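Take a moment to look over the chain shown here. We'll walk through it step by step.

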Amino acid sequence: MSQEKVDRYKKEKANRKKIMRREKAMSVVRKLILTVAALALIGWLGYSAYDIHEENKERVVAEVNYDAVTDYLNSLSE
């Protein structure tokens with residue numbers, strides 16, 4: 001081994017705790033990002049499927065006849 005390699009090894013060994021902490025933190029960040037991306041994808045796919053399902057359903061339309069209310073209000077103003 002050259003002296004340069006020995007010095008690099010000693011430096012890495014001295015900072016091993018810091019390096020391991022950084023690697024562990026980066027691992028947690030990667031897992032968090034992948035989890036958020038997966039949840040977003042699953043949510044988007046679920047919403048799209050629900051929207052398509054609701055779009056194909058027949059909607060019930062109700063009509064309201066306000067003639068009685070209009071007649072009552074007109075009778076009050078007379």
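What pattern does the chain follow when read along the sequence? The answer is α-α-α, and keep in mind that this is a predicted model. To put it in counts, the chain has 3 helices and 0 strands. With a radius of gyration of 34 Å, well over the 12 Å that the globule rule gives for 78 residues, the chain is more spread out than a compact globule. You can see that in the C-alpha trace too, which spans about 110 × 35 × 15 Å along its principal axes.

So how much of the chain is buried? Buried residues make up 0% of the 78 residues. The accessible surface comes to about 8,100 Å², and carbon and sulfur atoms account for 60% of that.

Now for the charges. The chain carries 15 positive and 12 negative side chains, and the centres of these two sets sit 37 Å apart. One spot to look for is a positive surface patch, made by Lys 17, Lys 18, Arg 21 and Arg 22. Arg 21 belongs to helix H2, which covers residues 16–56. Arg 21 counts as exposed because its relative accessibility is 59%, with over 50% being the cut-off.

Further along, there's a patch of another kind. Val 64, Tyr 66, Val 69, Tyr 72, Leu 73 and Leu 76 form a nonpolar patch on the surface, and together they have about 660 Å² of accessible area. Val 64 sits in the loop between H2 and helix H3 (67–77). Val 64 is exposed as well, because its relative accessible area is 56%.

Technical notes
Residues are numbered from 1 along each chain as its sequence is written. This is a predicted model: local features need pLDDT of at least 70, side-chain atom pairs count only at pLDDT 80 or more; totals for chains, interfaces and linings use all residues. Side-chain values use heavy atoms; hydrogens and water are left out. Patches are made of residues with over 30% relative accessible area and no salt bridge: like charges are joined within 9 Å, nonpolar side chains (Val, Leu, Ile, Met, Phe, Trp, Tyr) within 5 Å. Accessible areas come from the Shrake-Rupley method with a 1.4 Å probe; for residues, only the protein chains shown count as cover. A salt bridge is a side-chain nitrogen of Lys or Arg within 4 Å of a carboxyl oxygen of Asp or Glu. Lys and Arg count as positive and Asp and Glu as negative; His and the chain ends are not counted. The place of a charge is taken as NZ of Lys, CZ of Arg, CG of Asp or CD of Glu. Helices (H or I, at least four residues) and strands (E, at least two) are DSSP runs, numbered from the N terminus. Buried means under 20% relative accessible area, exposed over 50%, partly exposed in between (1.4 Å probe, protein chains only). The radius of gyration is taken over C-alpha atoms; the globule rule is 2.2 Å times the number of residues to the power 0.38.
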